[in-house]
Amino acid sequence: MIVIIDTGCANLSSVKFAVERLGYKVVISKEREDILGADKLFLPGVGTATEAMENLRQRGLIELVKQVDKPLLGICLGMQMLAEFSIEGGAKQAEEPVPCLGLVPGTVSLMEPAPGQRLPHMGWNQIQPQSDHPLFKDIEPGSYFYFVHSYALPVGEHTLAECDYGNAFTAAVGRDNFFGVQFHPERSGKAGAQLIKNFLEM
Amino acid sequence: MLAKRIIPCLDVKDGVVVKGVKFRNHEVMGDIVPLAKRYAEEGADELVFYDITASSDARVVDKSWVSRVAEVIDIPFCVAGGIKTIDDANRTLQHGADKVSINSPALADPSLITKLADKFGVQCIVVGIDSYYCEETKQYQVKQFTGDEKRTVTTTWNTFDWVKEVQERGAGEIVLNVMNQDGVRQGYDLEQLSRVREICKVPLIASGGAGEMQHFADAFNQSDVDGALAASVFHKSIINIGELKQFLKQQEVAIRL
């Protein structure tokens, strides 16, 4: 069973449609038995870290997600929530770092674009994946993926793919069974579909 | 490298795609889903759907077609029209839109921009600005309720002041539509775009006036916009998106092929 964790964030349905376009069945759920019984899980996110973590807390999902031992893919804010902390708080930065799930090390912080570059980092940018990782099977280095974000996880030991915007940042991360992508594979055309397919076939 | 975006705009009225000249005389261009799919396949980087009647009719954009688009499209898309509340925006995003764009309601209540940015993140809040250059006063004016000519009003906002204001309030992207140029295919207003670019720290999308491929190259190379939006040249197959992107690549514009 493939489960999209119902985080209460918007944009769950575009992930659902992307999985369905590949011919898989998928359910959106926040129920304990679905989440712990799933073979593959997606943790989508749109919004702010403050809002998203509060949604997880209200739904009793924080401890539940940490218990997952099957492959889980966080998307965009869903990836950022895997980190230890985020400083995102909406129109302004959060006053204190927001504690996140702590499943991968690092703090999500505001990007520092080069002069002439804008925030949010919005649009199609190229990624450089680590060679031979199954998540990037049949995806060429330099492939374009769609990004929409202002905050990012710095490059670290669990980075699986990098992207550059002012500085290099983590475009994909993986630690044990927890994976995350900063871009939106469900909105990244053929390359995005390939990545979702790779994840589902891992 | 971050690619410049080519963004076909589909004006939606009563569930079909329409296009007017200078916001008037709307003619039906076709069904939403097949057109959206065609653009995605031709290489569009993003799509924008404007329900041009919504704000003027005091109703929320009909959401059923948003889901139908989200089901078949694998590139991002933005929905505009009649989004006045957090609930309106939430419904639109739940149906699968990636971003929402607000225009007239932001002018009526500028605090809406901040409320939406706090709830959904600045990255999915686009502010559309209909800017009109008044020959008499030599001023760039912001217009409201442009979907219905009878109700269109000139606001007290000067375009440049409004561009600054919406950024302070949390806009994540600005679509600047130059009304004088809309639908006449004489090229983007590069002077105005360049002036807005200087004060615009968020992504800026040019809208209004694209007629030939060189116009896109000019907007990117001269006014440094992040994306260029156009409608009639794509609907009427005057410009093919794939060929446009090849052309832009030759002009040394960073583009996704």
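This is a predicted model: local features need pLDDT of at least 70, side-chain atom pairs count only at pLDDT 80 or more; totals for chains, interfaces and linings use all residues.
**Entry 1: overall build**

I began with the secondary structure. Chain B has ten helices and twelve strands. I then looked up the radius of gyration, which is 17 Å for chain B. The globule rule gives 18 Å for 257 residues, so chain B is as compact as a globular protein of that length. Along the principal axes, the C-alpha atoms of chain B fill a box of roughly 45 × 45 × 40 Å.

Next came burial. I found that 56% of the 257 residues of chain B count as buried. I also checked contacts between residues at least 6 apart in the sequence of chain B. Of these, 67% join residues at least 24 apart.

**Entry 2: helix α1**

I turned to helix α1 of chain B, residues 32-42. Which of its residues are buried? I noted Ala36(B), Tyr39(B) and Ala40(B). Seen down the axis of α1(B), the buried residues fall within an arc of 100 degrees, so they line one face of the helix. I looked up what they pack against. The list for chain B is β1 (5-13), β4 (47-51), α2, α9 (232-235) and α10 (241-250). After α1(B) comes Gly43(B), with a positive phi near 110 degrees.

**Entry 3: the core**

I went on to the largest nonpolar core, which has 149 residues. Leu47(B), Val100(B), Ile174(B) and Ala228(B) touch the most other members.

Strand β7(B), residues 125-134, runs antiparallel to β8(B), residues 139-144, and five bridges join them. One bridge pairs Ser131(B) with Val142(B).

**Entry 4: the contact with chain A**

Last, I looked at where chain B touches chain A. How many residues does each chain give? I found 34 from chain B and 31 from chain A. On the chain B side, α2 (64-72), α3 (86-94) and α5 (111-120) each give two or more residues. α5(B) gives the most, with five. By class, the chain B side has 13 nonpolar, ten polar and eleven charged residues.

How values were computed. Residues are numbered from 1 along each chain as its sequence is written. Chains are lettered from A and ligands numbered from 1 in the order in which they are written. Two strands pair if DSSP finds at least two bridges between them. Helices (H or I, at least four residues) and strands (E, at least two) are DSSP runs, numbered from the N terminus. Two residues are in contact if their C-beta atoms, placed from the backbone, lie within 7 Å. Ala, Val, Leu, Ile, Met, Phe, Trp, Tyr, Cys and Pro count as nonpolar, Asp, Glu, Lys and Arg as charged, and the others, Gly among them, as polar. A residue is buried if 20 or more other C-beta atoms lie within 10 Å of its own, exposed if 12 or fewer, and partly exposed in between; C-beta atoms are placed from the backbone. The arc is that of the directions from the helix axis to the C-beta atoms. A nonpolar core is a set of buried Ala, Val, Leu, Ile, Met, Phe, Trp, Tyr and Cys residues joined through C-beta atoms within 7 Å. The radius of gyration is taken over C-alpha atoms; the globule rule is 2.2 Å times the number of residues to the power 0.38.
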